[in-house]
Amino acid sequence: MFLRFDEISRSFGGLSALSKVSFCVEAGTIHGLIGPNGSGKTTLINVVSGLTRPDSGRLLLDGRAIHRLPAYRIAALGVARTFQNIRLFSSMTCLENVIAGQHLRAGLAIFPRLLCLRSAALEERQSWADAMGCLSRAGIENRAKVCAGSLSYGERRRLEIARALALNPRLLLLDEPIAGMRQREIAEMESLFRSLVETGVTILLIEHNMPFIMRLCSMITVLHFGQTLTTGTPQEVAGHPEVIEAYLGVQG
Amino acid sequence: MKHGSMAVLLQQLINGLFIGSVYGLFAVGYTLVFGVLDILNLAHAAIFTLGALTALWLTTGAGLSIWLAFPLAALFSGALGLVLDRVAFAPLRRRADSNLSGLISSIAMAIIFESAALGIFGARTVRFPEGIFLNRVWRFGSVTVTSLQVEIVLTALALMLALTAFLKRTRTGKAIRAVAESERTARLLGINVDGVIALTFIVSSALGGVAGILYGLYFDALAPDMGRSIELKGLAVIILGGMGSIPGAILGGIAFGLSEVLTVAITGTSNLRDAVAFTVLFVILVLKPSGLLGRGRVREA
Amino acid sequence: MESFSQFFAVYGSLVNFIGINALLALSLYVTLSAGQLSLGNAAFAGIGAYASGILTMRFNVPYTISIAAGACLSAMIALLIGMPVLRIRGIFLAMATLAFGEVVRIAAVNMDITGGAQGLVGIPCKTTTYTIYGVLAATTYFLARLGGSKIGWSLASIREDETAAMVMGINTTYYKTLAFVLGAFIAGIAGAIYAHLNFIVTPGEFGFSAAVQLLIYNIVGGRQSIYGPILGAFILTALPEALRGVGVTAGPLRLGVNGVILLLVILYLPNGLISFFSKVSAWTGRRSGGAFRGEV
């Protein structure tokens, strides 16, 4: 298994957000994470990306315990994420956002730049080109020079994904990536995620769009009140009585 | 402990209490604006100065009695607060970085107010005219208390308690607290948020002006830069007591006044007094920025 | 040319001050570009000034080494207090650095080696206009190139959204400290150079007003590019002279004009005067990698 949650628990001021969450994500798959609002999905993603430390339990990435590492170290291990309420650099252009996301690449050191070496200029051009590549994968290369603050909602989500791709991730954590997108955009995202998985990326996906989750994910984990309700294939989960009860009245 | 040093200690405590209550009054105005708007109003000290100088002018130039000049100067300070809000803060409210731009704006207004004070009143130190009020002196052994000091403390405490009651009991007071909690929710509840904010500035500045008058009476010296020394101390007080907490400002002010006086008494010199204060401030900011009684979180927009 | 040397005879001192203030403004720009509102740079300049002044005066250390030593001391102290201080957010950071500045000032007033309230008197006059502008040019070049480097991009990311920066792999503590220390170093150089300009430095020159002044240079000039603080320092330093030309001498009116300018800028031109020259801004933006700006 690639990513293993081992009894992860976290409470905030007496309120238990996560309680002994345990499941596994296999490498090279798209794993869905669903649950009613407030079930702890985003908190769990925060734990994985290192923004929140669990009170107890372990988190293993490729066999290595990462639950105590600071966020930047976890990113260096190839973990990228998007945010539910979108954290873009709004006063930068799309291209600049993605270049900023390339932080973990080598290069752009200060001394070659000070000496105006040709290698520095080449590196700069390379980083621009690579950033454009990420933008085209997310389908917004035509908005490269546009300020991130002026994008439409769907474009912003795609920019976040493009920026996450700049990290060349092994594990991609997506927190409601298609919320607010139109049908055509959703279809584009679906094929993007599938193509990523083909190149070996593992995706952990939070979404409320049930058809999307059912189509895309090979395995799904359901959270309810911070606890793992069940983990299984889409068919198993859809037929699970407790899942149906938890979602009673909630349509995908 | 010898009787003499006991008396000295007592005297110091009394002095500390008096200056502390003035600090507290000043700090309350500061913290009121921060609590409601999350903005540090650095023009507060300038209004402190203008309030004092206005009271002075009313008594010397216009020949009014101190009992009339006092409230008039307080009202004038409140009016300055309104000007401050309308000119410098209200236009910036919509901006994303309104905290920083509000701070800068208040710095600009502080400079403008200071230059007005300099221009109108000149750079010399002036004092309230003699005999402006009766100042009895009471002696208990070797401890001296003047009626002026008592009046200052009572005034400061009365105002601070009145403010606390106002915020807790009256509808307007509750509206202010609502806006302090969450501006958006307050608007949804139909509260006239802009009006509430303007009122907050008026009250805060009036209190600041009163603090200035009391300070000028106590130290018997007014100058256009008298706000300078209290500006940073007021900041230290609200950090100590907690940003946005009125009881914290009151207690913090008194504690600060006491610690100032005691530091001088212990070290024998006033040189390190401020250094100790700012070091303590620094340490508190590192350990618990919200202060001792402050709200831990920033208010929601 | 004779008119040039005439100009210099009259305005030499002003030109020097503009250069030093520009350098100080740049030192704050570095810290602001990481989103840190630090008001301690005046104190760091003071530390550099006193340290280098003492070294030259008392210990006959050569000028260049003295300057470097003063700047290094500022940087080391910045490193020491940076770690705890940079964890504090926003306005509280400003207050903590302000408190630090006051402690430094009071220390300078109370120590014998710094000459107490009178200040350090008798520092050899070693700074020339060329020194000042040489250092300014070098610093400007360095910061311009820093903009498009990994460090520059990291600082810009931290400034925009620190949480997002963290999950992008940026060690925010490291970069914030770097910006803080670099700012202190530049301020230290500026202070050290200044100390050798006029025989004397006094504690009052590096206090609260000076700290606020540096912030004003950045705000009025503009935080979008490195030329903003330079422009701000130029305008606000030259302004009193210009006003003197039209008959407005030192005093309330001059002070008031400063305040009015600041108010007008923050209300109507929040990106500073440099945004007037938006074409230039865009040009320098593209050249230096774009994202390195001093907005907080």
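Q: I'm new here, so let me begin with one pair of helices: which residues in α6(B) meet residues in α8(B)?
A: Welcome! This is a predicted model, and in it B:Thr172, B:Ala175, B:Ile176 and B:Val179 of α6(B) meet B:Val193, B:Val196, B:Ile197, B:Leu199 and B:Thr200 of α8(B). Sorted by class, the residues of this contact are 7 nonpolar, 2 polar and no charged.

Q: How do I read the way α6(B) and α8(B) cross?
A: Two packed helices are described by the angle between their axes and by the distance between those axes. Here the axes of α6(B), residues 171-181, and α8(B) cross at roughly 105° and come within 10 Å. Angles from 65 to 115 degrees count as roughly perpendicular, so α6(B) and α8(B) are roughly perpendicular to each other.

Q: At what angle do α3(B) and α8(B) pack, and how far apart are their axes?
A: Use the two values again. Helix α3(B), residues 66-89, packs against α8(B), residues 193-219, at an angle of about 140°, and their axes are 7 Å apart. That angle makes α3(B) oblique to α8(B). You can also read a handedness: α3(B) passes α8(B) in a right-handed crossing.

Q: Which residues of α3(B) and α8(B) meet?
A: The α3(B) side includes B:Phe70, B:Ala73, B:Phe76 and B:Gly78, while B:Ile197, B:Phe201, B:Gly208 and B:Gly209 are among the residues they meet in α8(B). By class, the contact of α3(B) with α8(B) has 15 nonpolar, 7 polar and 1 charged. Notice that B:Ile197 is listed in the contact with α3(B) and also in the contact with α6(B).

Q: Let's move to chain A. In what order do the strands of the open sheet run?
A: Strands of a sheet pair through backbone hydrogen bonds, either parallel or antiparallel. In chain A, 6 strands form an open sheet in the order β6-β7-β8-β3-β9-β10, with mixed pairing. At its edges are β6(A), residues 79-81, and β10(A), residues 227-232, each pairing on one side only. From one strand to the next, the twist averages 15°.

Q: How many bridges join β6(A) to β7(A)?
A: There are 3 bridges between β6(A) and β7(A), residues 171-175, and these strands run parallel. To find the place by eye, look for A:Arg81, which stands opposite A:Leu173 in β7(A).

Q: Which strands does helix α1 of chain A lie across?
A: Helix α1(A), residues 41-49, lies across β3, β6, β7, β8 and β9 of chain A, and it runs at about 150° to β7(A).

Q: How many residues does the contact between chains C and A take?
A: It takes 23 residues from chain C and 24 residues from chain A. Helices α5, α6 and α7 of chain C each give two or more residues to this side, with the largest share, 7 residues, coming from α6(C). The classes here are 11 nonpolar, 8 polar and 4 charged residues.

Q: How far apart do the closest C-alpha atoms of chains A and B lie?
A: They lie 11 Å apart, and no contact joins chain A and chain B.

Key: Residues are numbered from 1 along each chain as its sequence is written. Chains are lettered from A and ligands numbered from 1 in the order in which they are written. This is a predicted model: local features need pLDDT of at least 70, side-chain atom pairs count only at pLDDT 80 or more; totals for chains, interfaces and linings use all residues. Two residues are in contact if their C-beta atoms, placed from the backbone, lie within 7 Å. Helices (H or I, at least four residues) and strands (E, at least two) are DSSP runs, numbered from the N terminus. Ala, Val, Leu, Ile, Met, Phe, Trp, Tyr, Cys and Pro count as nonpolar, Asp, Glu, Lys and Arg as charged, and the others, Gly among them, as polar. Two strands pair if DSSP finds at least two bridges between them. Axes are lines fitted to C-alpha atoms, for helices over the stretch in contact, and angles run from 0 to 180 degrees between N-to-C directions. Angles under 35 degrees count as roughly parallel, over 145 as roughly antiparallel, 65 to 115 as roughly perpendicular and the rest as oblique. A crossing is left-handed if the near helix is turned anticlockwise from the far one by less than a right angle, and right-handed if clockwise.
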